[in-house]
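Reader: Please take me through this model by question and answer. Keep it brisk.

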Amino acid sequence: MKIPFSTFGPMHEMMRDEMLEAFTRVYDKGWFIQGSECDAFEKEFADYNNRKYCVGCATGLDAIYLALKAMGIKAGDEVICPSNTFIATVLAVSYTGAKPVLVEPDELTYNMCGKGLEDALSEKTKAVIAVHLYGQTAEMDEICAFAKKHGLRLVEDCAQAHGATYKGKKAGSFGDAAAFSFYPGKNLGALGDGGAVVTDDEELAKKIRALGNYGSVAKYDHRYQGTNSRLDEMQAAFLRVKLRSLDEMNAFRNKVAMRFLKEIKNDKIKLPKVGDNRTHVWHIFAVMVDDKADFKKYLDENGIGHNEHYPIPIHRQGAYLDEKLGSFPFAEYISASEISLPMYYGMSDEEIDYIIDVLNRY
């Protein structure tokens, strides 16, 4: 049997008619930037995340960058980030001119927690980025308390956690602002790139919107040195369709994950853990193995797709070697051990059974 790491087939077949209707609606209207579809999606996505405002932008990276820029983060500042994350998190910090300062994640969830935050603090620290990795939230009570204690701005990177909750509150509803990616493979994915920032701060939302529209607060009135980063009408229309099914699709992923957690029984495979008081939306089902090369070969031989999140940690990326970010052994352990198993909406019982059987025979 051949099982892909991910496929859009079942999801897109389920919503095919609605997606084609959305395309036709935008196509026939002939308005493709900053129109009614984006306005409607922003309202719907803000409501979904229990925030007052949403600003669409071009990518998840832009969402983080625009939030930091609007907060006044600049050269000479420092921003605390987890050592275990995709490079976009720290690139956004670098784009403002500030320096990313890394802290090791929690050893249970591989997400940011309170550990290391005080040690990373300096007089230059201006913000913290809490990344909700793999589909569950970071330890938000500890992070929020730290940010409040030291008067720091808090940004949530929710690129992998659409719909996840912590103590009943949605990921994205804790920080001064929260950034989302709508890259196609996300739990809520467009048919191209896209992103958004959600916040309860009206002035911050206005500034983010202006910064993403050439710094313009009104046509040809450029208040800031901005950029071009806008969510287009077509992607907004597609996202409106998918948002209506997001909870259903997340519930399906959780059903698959629960079978994996219950039925995979192999001491050579370390299964993921869900932290207390939170729900996991399983953007990634990440397992840890001692011999990653051997495990990957075994999966390939048995036709099971897989991925790695992420094989080279931030502090060892060529782009950041000159920055001398420090030593992060736990991030290196994760990079050396992590393999992502197939996880997508519409997996069949036969596929799930096969994956479980193959892993138990490893």
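**Backbone, packing and overall form**

Author: Tyr134 sits in the loop that links strand 4 (125-131) to helix 7 (140-149). Helices (H or I, at least four residues) and strands (E, at least two) are DSSP runs, numbered from the N terminus. This is a predicted model: local features need pLDDT of at least 70, side-chain atom pairs count only at pLDDT 80 or more, and totals for chains, interfaces and linings use all residues. Residues are numbered from 1 along each chain as its sequence is written, and side-chain values use heavy atoms, with hydrogens and water left out.

Reader: Is Tyr134 buried or exposed?

Author: Buried means under 20% relative accessible area, exposed over 50%, and partly exposed in between (1.4 Å probe, protein chains only). Tyr134 has a relative accessibility of 4%, so it counts as buried.

Reader: What is the phi of Tyr134?

Author: Most residues other than glycine have a negative phi. Tyr134 is not a glycine, yet its phi is positive, at about 75 degrees.

Reader: Where is Asn50, and is it buried or exposed?

Author: Asn50 belongs to the loop between helix 3 and strand 1 (53-57). Its phi is positive too, near 60 degrees, in a residue other than glycine. The relative accessible area of Asn50 is 55%, so the residue is exposed.

Reader: Which residues does the cis peptide bond join?

Author: Most peptide bonds are trans. Here one has an omega of about 5 degrees. The cis bond joins His309 and Tyr310.

Reader: At what angle do helix 3 and helix 9 cross?

Author: Two packed helices are described by the angle between their axes and the distance between the axes. Axes are lines fitted to C-alpha atoms, for helices over the stretch in contact, and angles run from 0 to 180 degrees between N-to-C directions. The axes of helix 3 (residues 36-48) and helix 9 (residues 233-243) come within 8 Å, and they cross at roughly 35 degrees.

Reader: Which residues make that contact, and how do they divide?

Author: Contact means heavy atoms within 4.5 Å. Helix 3 brings Ser36, Glu37, Cys38, Ala40, Phe41, Glu44, Phe45 and Tyr48, while helix 9 brings Glu233, Ala236, Ala237, Leu239, Arg240 and Leu243. Ala, Val, Leu, Ile, Met, Phe, Trp, Tyr, Cys and Pro count as nonpolar, Asp, Glu, Lys and Arg as charged, and the others, Gly among them, as polar. The residues divide into nine nonpolar, one polar and four charged.

Reader: What does Tyr224 touch?

Author: Tyr224 lies in the loop between strand 11 (221-222) and helix 9. With a relative accessible area of 30%, Tyr224 is partly exposed. Not counting residues up to four places away in sequence, Tyr224 touches Lys207, Ala210, Leu211, Tyr214, Gly215 and Val217.

Reader: What covers the buried residues of helix 12?

Author: In helix 12 (residues 329-337), the buried residues are Phe330, Ala331, Ile334, Ser335 and Ser337. Their cover includes strand 13 (285-288), helix 11 (292-301) and strand 14 (338-341).

Reader: What is the radius of gyration of the protein chain?

Author: The radius is taken over C-alpha atoms, and the globule rule is 2.2 Å times the number of residues to the power 0.38. With 362 residues, a compact globule would come near 21 Å, and the protein chain agrees, at 20 Å.

Reader: How many helices and strands does the protein chain have?

Author: Of its 362 residues, 56% count as buried. The protein chain has 13 helices and 14 strands.
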